[in-house]
Amino acid sequence: MGGRLQAQTRWEGVTARADLGLWYDSAVQFGLLEAVAETDLGDFVLSLGKRHDYSGPWDDTLMGRDGRWGVFARYGPSEIPWLSLEMAYLPHAGLVGGQGFVGASAGIFQLGTFVEIVQMPSGLGEPESSLSLIPRMGLQGREVGLFWQRDRGFWSTASLPLPLGQALAFMLQCPCDSETQAWVEALDKGRFEALLWWNPDWDYLGEDSPFLPEDRFQAWLQEPRKLLIGAAYSWNDGLRLGVDLSRAPVEAVRVYVQLYWR
């Protein structure tokens with residue numbers, strides 16, 4: 001149960017939009033899912049605020065995906081419309097440090113890495129600065145996406161047409177009367193949505209694995225850090241029926257219904 005308020009405006013070449021959510025999921029939760037001011041400078045696009053470009057299923061809420069605050073820049077040369085380069089700075093909570101991101105996309109292919117200066121213990125007991133890289137890559141099509149990020153594992157999303165109306169028309173050997181045809185057209189507005197998030201523990205394959213060599217691959221497959229499977233049926237952007245099954249780190253099932261009024 002919840003609600004969303006979305007607003008967008010444009011002034012003096014700057015586009016501003018915000019997405020506010022309020023929902024109940026074991027407890028009342030409130031959040032600004034996205035809020036960004038953006039300006040288009042030809043081949044360059046600069047934006048400031050909260051976006052979900054670098055989020056993932058770990059940021060999902062019942063009202064949508066939560067974003068990250070930061071400063072974002074994208075360069076897309078007009079001579080090569082399928083190529084774009086991007087940079088971002090994403091501060092941590094409390095503005096104590098942050099991550100940078102550099103990447104590129106070519107068509108459906110995306111490749112980049114998070115960059116951060118972290119403090120690591122040294123042999124002398126004093127912490128020393130070290131460069132941490134967290135690569136992220138994937139494919140994002142119109143209906144299917146597949147990604148990998150070193151600290152989050154693999155995840156994939158899909159949103160596919162579900163032609164129940166065509167199946168009904170085939171069963172009834174249409175052409176049909178106007179009322180049945182209306183049902184056929186209404187049912188064809190449905191879509192099937194799926195989510196898979198699998199984060200295996202790569203240490204299980206190494207020399208320091210707690211498993212015997214012959215058991216390591218099976219443990220790597222069957223005992224991940226995170227395994228989440230989700231499926232949903234949505235109709236005409238107004239109804240969504242879904243179920244999420246979590247296998248790790250805890251076993252849980254969530255069934256939900258979402259109704260949208262615009």
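Analyst: Two strands pair if DSSP finds at least two bridges between them. The strands themselves (E, at least two residues), like the helices (H or I, at least four), are DSSP runs numbered from the N terminus. The model is predicted, so local features need pLDDT of at least 70 and side-chain atom pairs count only at pLDDT 80 or more, while totals for chains, interfaces and linings use all residues. Residues are numbered from 1 along each chain as its sequence is written, and side-chain values use heavy atoms, with hydrogens and water left out.

User: What makes β10 and β11 a pair of strands?

Analyst: β10 and strand β11 (residues 127–140) are joined by 13 bridges and run antiparallel. Because at least two bridges are required, 13 meet the criterion. Within this pairing, E116 has S132 in β11 as its bridge partner.

User: How do you know that β9 and β10 also pair, and in which sense?

Analyst: Strand β9 (residues 98–106) is joined to strand β10 (residues 109–121) by seven bridges in the antiparallel sense. For S105, the bridge partner in β10 is Q110. The two strands form a hairpin with two residues between them, where G107 takes a positive phi near 65°.

User: Why is V243 called partly exposed?

Analyst: V243 belongs to strand β16 and has 34% relative accessibility. Buried means under 20% relative accessible area and exposed over 50%, with partly exposed in between (1.4 Å probe, protein chains only). The 34% of V243 falls between these limits, so V243 is partly exposed. Of the 262 residues in the chain, 31% are buried.

User: What makes the group around Y54 a nonpolar core?

Analyst: The largest nonpolar core consists of seven residues, namely Y54, F72, A88, L90, F101, F114 and I134. A core of this kind is a set of buried Ala, Val, Leu, Ile, Met, Phe, Trp, Tyr and Cys residues joined through side-chain atoms within 4.5 Å. In soluble globular proteins, nonpolar side chains tend to be buried together.

User: Why is the pair E34 and R17 called a salt bridge?

Analyst: A salt bridge requires a side-chain nitrogen of Lys or Arg within 4 Å of a carboxyl oxygen of Asp or Glu. The closest N and O atoms of E34 and R17 are 3.8 Å apart, so the pair meets the limit. E34 sits in strand β3 (residues 28–41) and R17 in strand β2 (residues 14–24), so the bridge ties together parts 17 residues apart in sequence. E34 has a relative accessible area of 13% and is therefore buried, whereas R17, at 24%, is partly exposed.

User: What makes the link between E86 and R74 a salt bridge, and where do the two residues lie?

Analyst: The N to O distance between the E86 and R74 side chains is 3.2 Å, so this pair also meets the limit of 4 Å. E86 lies in strand β8 (residues 83–91) and R74 in strand β7 (residues 68–75), so that distant parts of the chain, 12 residues apart, are linked. E86 is buried at 11% relative accessibility, and R74 is partly exposed at 30%.

User: Which residues are linked with E86 and R74 in a network?

Analyst: E38, R51 and D53 join R74 and E86 in a network of salt bridges. One of its bridges connects R51 and D53, at 2.8 Å from N to O. R51 is buried at 13% relative accessibility, while D53 is partly exposed at 27%. The whole structure contains 12 salt bridges.
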